[in-house]
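The exercises below are meant to be worked through with the sequence and the 3D view side by side. Try each task before reading its solution.

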Amino acid sequence: MPFTPEMAERRFGYGLSPQIVPPFSVAQMLSGLQGADVMAQAYPIPGFRHIQDQIVYVRRFSRYSRKNPETEAGQAAEQKAKLARRALFHDRQRWTVAALQRRIGTPHAFRERLIAFWADHFTARGKSGLLRAAAPAYLEEALRPHVSGKFADLLRACVTHPLMLHYLDQNTSAGPNSRAAQRPDRQRGLNENLAREVLELHTLGVGGPYTQNDVHELAKLLTGLAGTRDYSFKFRRNMAEPGAETVLGRSYGGPPGLAPIHAVLTDLALHPATAAHIARKLAVHFVSDTPPPDLIEDLQETYLGSGGDLMTCYAALLHHPASWTMNAPNIRPPDEFVGAALRAMAVKPEMMEALRPAQIRRLLLTPMRLMGQAWQQPAGPDGWPEDDGAWITPQGIAARLDWAVNAPAQLRPDLPDPRNFVHDALGPNPPADVVFAASAAETRADAIGLVLCAPAFQRR
Amino acid sequence: MTHAPLSRRQILTRSGLIGCSLAASPLWTPLSLANAPWQGRLVVIILRGGMDGLDVVRPTGDPAFAALRPTLAKGDAPLDLDGYFALHPALRDLMPLWHREELGFVHAVSTPYRDKRSHFDGQDLLEAGTQDLAGAGRDGWLNRLMQFLPQVEAETAYGIGQEPLTLLDGAAPVANWTPDAALHLSPQALRLAEQIMKIDPQMYAALMEAQLLSGAQPGAGSGKKGPAHIEIAKFAGDRLRGPARIAAFSLNGWDTHRAQARTLPRSLAQLSDVILTLKQDLGAAVWGQTALVALTEFGRTARENGTGGTDHGTAGLMVMAGGAIRGGRVFGRWPGLGEQALYQQRDLMPTDDVRAPLAWIIRGMTGLPVSTLQEKVFPGLEMGPDPELMR
């Protein structure tokens with residue numbers, strides 16, 4: 001099999017690092033997914049509880065200050081709420097840095113790539129207030145532990161997470177015949193948003209065999225999934241639609257509760273259309289915008305045969321020859337490009353940790369936005385485009401060049417010698433014109449930037 | 001080590017081949033422009049997310065309307081348009097345009113898309129301009145249109161964002177740019193960048209276009225920028241005052257599943273700002289030759305949902321503005337909102353294909369024959385009788 005360590009890092013990881021030995025086999029890549037999560041321990045990001053605590057804290061002091069305006073204690077409380085709010089948004093920037101540090105330092109880069117892949121598949125964001133800082137916490141607790149398990153478990157963890165319930169409006173959806181909908185004092189009813197995206201994006205795919213009626217029935221079945229005021233998960237029986245619902249021809253009945261919801265999610269996870277959808281997405285993301293059909297078929301059969309076991313699917317992906325030989329490489333999306341560049345430069349943890357909020361914005365967040373990918377803020381629940389054409393735009397290429405030439409010197413003041421860096425970043429046999437450019441540039445910063453913008457680095 | 005310089009035409013043609021897509025988040029939306037030999041200006045705005053046409057131009061004269069929208073009808077009173085329809089109060093600044101017949105609407109229109117009500121499919125079909133999704137994805141109707149116009153050249157173009165603007169995809173040259181992008185590179189570094197990207201035609205074309213556009217940016221490097229949508233409108237205005245004839249971009253934020261009374265006015269205010277900024281920046285003469293159309297992938301449910309919003313529906317509203325259109329009217333065949341009149345008992349019934357009024361506007365502006373419009377630009381469309389949307 002045409003495995004090479006360089007290709008393993010490039011296509012399935014965040015590229016080469018001068019400090020990390022690339023994996024020497026597929027078996028090692030796979031075992032890297034199952035060991036202890038050393039990166040999560042080294043660069044911690046808290047779970048959702050932390051966000052909830054901050055929400056409660058800020059709410060308490062805000063309420064006190066509203067009730068006691070123009071008193072000293074009231075003003076002190078207002079100040080406390082303000083500081084806590086600001087601290088959380090600074091923390092959110094720190095979590096961006098932590099996620100990038102994992103990409104810089106990991107010996108198991110395939111794991112971080114899978115996290116990014118599934119984070120996109122199960123896009124969820126906070127839409128207001130402090131919840132806007134919650135996406136990293138959601139990924140850390142709902143997604144990260146499940147990316148090498150069963151797809152059904154991953155699906156359930158993400159779809160029932162309080163942030164997803166908030167993002168796709170499920171927590172306010174009440175069955176038309178539920179007790180909550182009967183209350184005359186408060187208008188409440190069904191919202192189809194989550195049900196539709198579960199079918200269209202998370203499981204069957206938009207071409208899948210479902211109808212508007214399935215969406216409607218699933219929406220009724222999902223009623224009751226909600227949260228407390230503090231965004232703890234809660235099944236609200238008074239919002240649940242009584243009776244059974246029929247989704248894709250199967251009836252889900254019994255007393256309202258989590259059991260029928262888990263049952264429908266499990267069935268959807270194991271549906272052949274879901275297998276086809278996930279197989280195609282994996283092939284497109286990791287191999288090429290136009291993957292060979294037999295790779296997709298192989299992945300689809302593996303998925304179905306293993307009951308949606310993701311480890312088995314990853315093994316099938318890595319053992320397929322086309323995964324290594326396919327020569328129509330994808331462009332790295334901006335957040336991956338930035339991660340790979342930092343990794344190739346081996347930016348030191350102390351440097352990353354010392355970045356102040358304004359620097360994080362200037363050196364990382366704003367550039368990624370200009371490249372077309374605001375960090376963890378895709379426009380909709382369908383996440384970011386896979387199509388290379390979406391990223392290779394005049395604006396996108398200009399922003400990449402601008403960042404590659406101007407940011408590295410600030411992240412690594414002792415810039416490496418470009419003549420060595422070209423090998424650090426591109427491996428033992430870099431293209432001759434890139435070697436030439438690295439030696440012909442007027443400044444060291446220009447040379448580093450040119451290596452990073454070479455198609456050999458931009459594509460994988 | 002140097003290569004023969006590309007002509008501007010070559011650069012733009014190449015860049016036309018790369019897909020011309022740009023991207024958008026709620027704050028960063030794409031804008032593209034192209035010039036052409038006729039005098040009219042066409043501005044196409046894609047309203048992503050599914051605008052609730054029933055809330056924007058409210059059929060207050062329809063006996064069934066009030067009961068469908070119990071909470072959405074609260075708040076400021078809508079502004080009467082013609083005794084039957086009334087305008088959402090967040091568009092009040094556009095009322096002078098309505099009275100001058102420079103603002104109009106086509107109600108109860110939709111693309112041929114039905115039943116799945118997916119944003120993404122809906123937008124794909126809206127931008128492809130085809131009859132069904134099987135025909136979508138290869139190119140966009142605005143690009144196909146340009147292939148039938150004589151002497152089309154891409155002129156300066158500006159885009160902001162992250163999401164492809166597929167209605168401009170295709171073989172005709174179109175350029176994209178953003179007011180925020182910059183190339184702070186030495187000439188030597190740029191030359192070397194060209195050299196290393198040469199082996200990758202897609203990246204190379206993007207780089208060449210970026211150089212062209214970064215030099216052509218109006219007021220480059222001057223002063224503070226306003227909100228993104230205003231910046232887009234200003235760039236569009238600047239280019240359309242010059243040789244550019246077509247501008248396209250998108251405005252996001254129309255997916256009002258909940259608290260619509262609070263969220264929709266924000267998006268409407270942006271649309272209103274964009275229209276008024278364009279009018280001001282174009283000046284009376286060019287505004288008089290301009291047709292602006294705002295299109296959305298679908299309308300929303302006739303009934304408000306349980307969370308103060310509306311869900312994905314079918315027929316919606318097309319917005320028109322500009323001195324070239326015959327405004328001051330709500331066009332379209334009104335299907336009514338009675339239980340039996342609704343599509344699948346839930347959505348406003350589409351009574352016409354949104355491509356038809358669009359095609360008539362394009363015909364009025366460019367003189368293209370009906371057959372070209374029906375067969376090439378919007379394959380599968382039957383334009384029907386001329387609704388006389390243009391002055």
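How many aromatic pairs does the rule count over all chains? The rule pairs rings of Phe, Tyr and Trp (its six-membered ring) if their centres lie within 6.5 Å, and planes under 30 degrees apart count as stacked, over 60 as edge-to-face and the rest as tilted. By this rule the count over all chains comes to 20 aromatic pairs.

Before going on, note that this is a predicted model, in which local features need pLDDT of at least 70 and side-chain atom pairs count only at pLDDT 80 or more, while totals for chains, interfaces and linings use all residues. Residues are numbered from 1 along each chain as its sequence is written, chains are lettered from A and ligands numbered from 1 in the order in which they are written, and side-chain values use heavy atoms, with hydrogens and water left out.

**Exercise 1. Describe the aromatic pair of A:Phe110 and A:Phe286.**

Step 1: the geometry is edge-to-face, with 5.6 Å from centre to centre and 75 degrees between the planes.
Step 2: A:Phe110 belongs to helix α6 (residues 109–121) of chain A and A:Phe286 to helix α14 (residues 272–286) of chain A, so that the pair links distant parts of the chain, 176 residues apart (helices, H or I, of at least four residues, and strands, E, of at least two, are DSSP runs numbered from the N terminus).
Step 3: both A:Phe110 and A:Phe286 are buried, where buried means under 20% relative accessible area, exposed over 50% and partly exposed in between, with a 1.4 Å probe and protein chains only.
Step 4: A:Phe110 and A:Phe286 also belong to one aromatic cluster, whose members include A:Phe117, A:Trp118 and A:Tyr303.

**Exercise 2. Characterise the interface of chain A and chain B.**

Step 1: counting contact as heavy atoms within 4.5 Å, 57 residues from chain A and 57 residues from chain B take part.
Step 2: the buried area, which is the accessible area (1.4 Å probe) that two parts lose on being put together, summed over both, is about 4600 Å², and carbon and sulfur atoms give 61% of it.
Step 3: in chain A, the residues that lose the most area to chain B are A:Arg369, A:Pro394 and A:Gln395, together 13% of what that side buries.
Step 4: two salt bridges are counted between chain A and chain B, and A:Arg459 forms a salt bridge with B:Asp200, with the closest N and O atoms 2.5 Å apart.

Definitions and conventions. A salt bridge is a side-chain nitrogen of Lys or Arg within 4 Å of a carboxyl oxygen of Asp or Glu.
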